[in-house]
Amino acid sequence: MGVHAPEMPILVDDETGVWTTDALPMLYVPRHFFVNNHMGIEDEIGTERYAEILYKAGYKSAYYWCEQESACHGISGADVWHHYLKRLSQRGWGFFITEELDIEKGTAKVRLENSAFVYHYEKIHGKKVNRKIDYMFTGWFAGALDQIAEAQGLSVRTKAVQTQCAAEEGCDVGYFEVTPL
């Protein structure tokens, strides 16, 4: 297994210690810390409720991120979408691959390989947990696609669902689908 340095720009403010990538503040935390917190909240309020909360927050965050990155890099349309998935992949969440994208129709299909959640859950449990555990990402895809569509003057609004997870028996990758509301 080969390794390489991060492929995205990371700057650290000398006075505040704030990390930024493309002018957006970032946090750098160990994966086990993040996923253990995620699992703790799941245990306390339940997966379904937590997924609802994360969908809304993730949608809002992805929308904002795409808006900011579009302005920062002078990109639009599918270029914003692909930049977003590239940055998600570069930050260690897993590899996000666009299999289908039609901004005008409000549709997309994303494959997820090497999910950080799947890796950690399987490490903790010693096996597949046989459920969809990548739900934190779901709202991200609808938020991104809606921002990109709106920036192009399109009225389509979307929703996203995870249709498959690598934590499920017989599955090696995850899938998300975005469709119009």
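**Exercise 1.** Which side chain does a polar contact of 3.3 Å join to that of Gln162?

*Solution.* Before we start, note that this is a predicted model, where local features need pLDDT of at least 70, side-chain atom pairs count only at pLDDT 80 or more, and totals for chains, interfaces and linings use all residues. Residues are numbered from 1 along each chain as its sequence is written, and side-chain values use heavy atoms, with hydrogens and water left out.

Step 1: find the partner. The side chain is that of Asp134, joined to Gln162 at 3.3 Å. A polar atom of the Gln162 side chain also lies 3.0 Å from the backbone oxygen of Gln164.

Step 2: look around. Gln162 sits in strand β6 (residues 158–164); helices (H or I, at least four residues) and strands (E, at least two) are DSSP runs, numbered from the N terminus. Gln162 has a relative accessible area of 10%, so it is buried (under 20%; exposed is over 50%, partly exposed in between, with a 1.4 Å probe and protein chains only). Leaving aside neighbours within four places in sequence, its contacts (heavy atoms within 4.5 Å) include Lys132, Tyr135 and Tyr175.

**Exercise 2.** How many aromatic pairs does a search of the whole structure find?

*Solution.* Step 1: know what counts. Rings of Phe, Tyr and Trp (its six-membered ring) pair if their centres lie within 6.5 Å; planes under 30 degrees apart are stacked, over 60 edge-to-face, and the rest tilted.

Step 1: count. The search gives 16 aromatic pairs.

Step 2: Trp93 and Phe117 are stacked, with 6.3 Å centre to centre and 20° between the planes. Trp93 is in the loop between α3 (78–90) and β4, while Phe117 is in helix α4 (residues 116–125), so this pair ties together parts 24 residues apart in sequence.

Step 3: Phe96 and Phe137 are edge-to-face, at 5.1 Å centre to centre and 90° between the planes. Phe96 is in strand β4 and Phe137 in the loop between α4 and α5 (138–151), 41 residues apart. Phe96 and Phe137 are both buried.

**Exercise 3.** In which sense do strands β4 and β5 run?

*Solution.* Step 1: pairing takes at least two bridges found by DSSP between two strands.

Step 1: apply that. β4 (residues 95–102) and β5 (residues 107–113) run antiparallel and are joined by 7 bridges. Leu101 stands opposite Ala108 in β5.

Step 2: inspect the turn. This hairpin has 4 residues between its strands, and Gly106 takes a positive phi near 75°.

Technical notes. Polar contact = N/O pair within 3.5 Å; in protein donor to acceptor, adjacent residues only side chain to side chain.
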